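Could you walk me through this structure as if I were new to reading protein models?

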Amino acid sequence: MTVKQPVAVLGGGSFGTAVASLLAANGYPVMLWMRDAAQAAAIRESGRNPRYLKDLDLGPYVQPTTDLASVLQRCELVFVALPSMALRSVLAPCSGQLAGKMLVSTTKGIEADTFLLMSQILEQVAPQALIGVLSGPNLAREIADRALTATVVASEHEELCSRVQQVLHGDTFRVYASKDRFGVELGGALKNVYAIIAGMAAAMGMGENTKSMLITRALAEMTRFAMKMGANPMTFLGLSGVGDLIATCTSSKSRNYQVGFALGQGVPLEQAVEQLGEVAEGVNTLRVLKQKAADLEVYMPLVNGLHAILFEGYPLQKIIGGLMSGEPKTDIDFISPDGFAE
Ligand SMILES: NC(=O)C1=CN([C@@H]2O[C@H](COP(=O)(O)OP(=O)(O)OC[C@H]3O[C@@H](n4cnc5c(N)ncnc54)[C@H](OP(=O)(O)O)[C@@H]3O)[C@@H](O)[C@H]2O)C=CC1
Ligand SMILES: O=C(CO)COP(=O)(O)O
């Protein structure tokens, strides 16, 4: 039997753990990097992550470590599953070791000061690496439970896409390829904001008409923004766009949805985030997205409404009233301004 090349996963949270388990199930030795030595020791001892997806048996192929330099020395393919706030600061010091690697971001966020997506940060930090992203309706809990799942690997480098498909494809996990890295990644970052809104609506007992309105208007809004950013709107109709939007806006397993649900119950934002205890990227994305939409003059009533509730002290009911009394626009305005395809 040929010995398989080890694969690196950076980040010992829910998603890093889920990706590591998929790789291990396919027979790949996994070097799972995390910052906490006690957590790594516990995984080594018990084969389970004591903090995230605690019941998932990782098996002997997952080797936890806190030694990033040795991980990068041994692995050519590196999945990055760090929160967006940490990605640059973790990887910039090892920039010299990243040349020639295949770096795949799974992180769905936007950098605050630069409005860069994570793979764009990777390009800066590792200009001589091949860069890709993995994004789709991929709730970590469900991946861990081996629910049938599909995702998208996106990169301009075909060899990176094939390699990711090779290592991750399995009985329960399908990997589709795309060349549109920007569109795939942008969809994954934007949908988190709308998952907060959807969670809020659920907590307030809103019906299926309302939930459906929110999801489809969210898709129109994020697509309008994406087009202004130069992205291909058709990508938003795939797994990484509408697929992920549906998963996170309808599932209480989504952390962004959970934050929204708590907010809808009247819990203050800080407390909602604290009681979650895990990353909800949508909160920070909302801050930067509101400003960017204003700069680009993109009409984003849902983003503006959520921002007003979370950061400007507006009451929820007032925002809902405002949203419903706004001038009705055309349905799919990104096809053509009057709503009818030419
Ligand atoms: N969970 C999911 O279903 C999915 C998540 N993603 C994306 O994956 C990314 C990571 O999320 P996820 O794993 O779920 O988050 P979690 O909250 O589950 O875990 C976050 C992990 O990041 C670690 N971490 C935080 N700050 C740093 C730092 N400065 N240096 C090193 N490690 C750090 C945490 O370590 P510690 O425990 O020590 O604090 C923890 O291991 C997010 O961008 C998310 O959008 C994408 C698809 C699905
Ligand atoms: O991106 C995700 C599923 O595709 C996970 O969403 P949350 O971060 O809201 O849990």
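The shell around ligand 2 is made of 4 nonpolar, 5 polar and 3 charged residues. In this sorting, Ala, Val, Leu, Ile, Met, Phe, Trp, Tyr, Cys and Pro count as nonpolar, Asp, Glu, Lys and Arg as charged, and the others, Gly among them, as polar. A residue is near a molecule if its C-beta atom, placed from the backbone, lies within 6 Å of it. For ligand 2, the residues around it are K108, P137, N138, L139, N192, A195, D244, A247, T248, S254, R255 and N256. The elements that give two or more residues to this shell are α8, α10 and α11, and α10 has the largest share with 3 residues. Such names refer to DSSP runs numbered from the N terminus: helices are H or I runs of at least four residues, and strands are E runs of at least two.

Before going further, a word on what you are looking at. This is a predicted model, in which local features need pLDDT of at least 70 and side-chain atom pairs count only at pLDDT 80 or more, while totals for chains, interfaces and linings use all residues. Residues are numbered from 1 along each chain as its sequence is written, and chains are lettered from A and ligands numbered from 1 in the order in which they are written.

Now step back to the whole chain. You can find 15 helices and 8 strands in it. The radius of gyration of the chain is 20 Å, close to the 20 Å that the globule rule gives for 342 residues, so the chain is as compact as a globular protein of that length. Here the radius is taken over C-alpha atoms, and the rule is 2.2 Å times the number of residues to the power 0.38. Along its principal axes, the C-alpha trace spans about 65 × 45 × 35 Å. Buried residues make up 47% of the 342 residues; a residue is buried if 20 or more other C-beta atoms lie within 10 Å of its own, exposed if 12 or fewer, and partly exposed in between, with C-beta atoms placed from the backbone.

The chain is divided into domain 1 (7-179) and domain 2 (186-325), with bounds that come from an automatic or database domain assignment. Their C-alpha centres lie 25 Å apart. Where the two touch, domain 1 gives 21 residues and domain 2 gives 23. Contact here means that the C-beta atoms of two residues, placed from the backbone, lie within 7 Å. On the side of domain 1 that touches domain 2, the elements giving two or more residues are α6 (140-144), β7 (149-154) and β8 (173-178), and β7 gives the most, with 3 residues.

The shell has 27 residues, and the closest are G13, S14, A86, A140 and E278. Helices α1 (14-25) and α4 (84-91) each supply at least two of the shell's residues. Ligand 2 also has both domains around it, with at least three residues of its shell drawn from each.

One residue of the ligand 2 shell, N138, is worth a visit. N138 sits in the loop between β6 and α6 and counts as buried, with 25 C-beta neighbours inside 10 Å. Not counting residues up to four places away in sequence, N138 touches I143, T149 and T151. Leaving aside neighbours within four places in sequence, I143 is in contact with A18, L22, N138 and T149.

Finally, return to α10 (residues 239-250). Of its 12 residues, 10 are buried, so this helix is largely enclosed by the rest of the structure. Its buried residues include D244, A247 and T248, which are also among the residues around ligand 2. What covers the buried part of α10 includes β6 (130-135), β7, β8, α8, α9 (208-228) and α11 (255-264).
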